[in-house]
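Please have the sequence and the structure open side by side as you read.

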Amino acid sequence: MFSRNKVWAGYTVSILLLLTAFTLGVTVGSVRVPVMEMLSIFAGAFSNREALDPMFNSIVLDIRFPRVILAALVGASLAIAGASFQGLLKNPLADPYTLGVSSGASVGAVATIFLGLSIPGLGSFTLPVISILAALLTLVIVLGFARMVEKSMKMETIILTGIIFSSFLGSILSLMIALTGDELRQIINWLLGSVSMRGWEYIRLIAPFFVIGALLLIWNARELNAMAFGEERAQHLGVNVQRRKFVVLASGSLLTGAAVAVSGTIGFVGLVVPHMVRMLTGSDHRHVLPLSILNGASLLILCDLVARTIVAPTELPIGVITALIGAPVFGLILIQKRKERRG
């Protein structure tokens, strides 16, 4: 059992890390912006923007600030979605990437771009809406198939099913890429995963879905705690298990679909962050979920910073950086779980 002091220490460290990541994300780059200059720009943006240094002003407010905000929203969305999936399935290897949800969202988004789909009345929101629906459908199919294979739905079965469906959906993506014409560059750039030059329009696309999804999951934190002891015990505690499961799965898919729609496929954030949070502060979802938001935002801001500076002026996809971090962590968690089962 973790003490309150450790939990609040976790909040303090997480907030400081997010502030540090935000500052580095805005000030570090091909042109370095002094911290005091950044603070002056933010202060002046609400009063007299014309009086500011035009070069620094443009770099901070028009390029880096929206990029950092978008990275934070994407990282926070993937992290809290991963934490909720892990809590619901009682599986530390569950996350939007390993369950195939990200691949499903990718197929929905690429199909929207490839076919030029536009739902009347939604306009630019067509992309995230279709991506979200595809993510939810994929998760339902993966869990349904895993239950058909093995009713106990063991960890290995769910992960293997997710990998199978990810491979299948990857082949569909490859087919659309092979058939595409002028949209090829747009689709390839999107699939690599990036928050580069996406601006405030993309923030407006993901923000409402992030707020709704995150609030729904945090609202159900106590129910996630109850379901961690088994569905029967949760029902005895007064939890409507089927309804809560649907809300959690729908909210996680909502967050994943919106994140994938604006940034492409970025893996392992939802695996690494919740695992680290639980190691530091315990498994109470009342704290795991908000801490996952803070640390998921920090992680993706820092990964984006590395992606755009490590081999500058060339910019790497963020997915490359998150995979370099996440794949070893995935392996370590799997080895740890194997040892626990043998023990």
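K90 is partly exposed, since its relative accessible area of 48% falls between the 20% and 50% cut-offs. This residue sits in the loop between α3 (54–89) and α4, and K90 has a positive phi of about 55° although it is not a glycine. Please keep in mind that this is a predicted model.

**Backbone features to look at**
- Most residues other than glycine have a negative phi, and most peptide bonds are trans.
- You will find F268 in the loop between α11 (241–263) and α12 (269–281).
- F268 counts as buried because its relative accessibility of 12% is under 20%.
- The peptide bond from A312 to P313 is cis, and its omega is near 10°.
- P313 belongs to the loop between α13 and α14 (318–342).

**Helix α4**
- Of the 15 residues in α4, 13 are buried, so the helix is mostly covered.
- G116 follows α4 and has a positive phi, near 65°.

**Confidence**
- Across the protein chain the average pLDDT is 86, and 93% of the residues score at least 70.
- Confidence is highest in helix α13 (residues 285–309), at a mean of 96, and lowest in helix α7 (residues 184–191), at 71.
- Where pLDDT is low, the predicted coordinates should not be read in detail.

Notes
Residues numbered from 1 in each chain as written. Predicted model: local features only at pLDDT ≥ 70, side-chain atom pairs only at ≥ 80, totals over all residues. Heavy atoms only, no water. Buried < 20%, exposed > 50% of the residue type's maximum accessible area, 1.4 Å probe, protein only. Helix = DSSP H or I, 4+ residues; strand = E, 2+ residues; numbered from the N terminus. pLDDT = per-residue confidence, 0-100.
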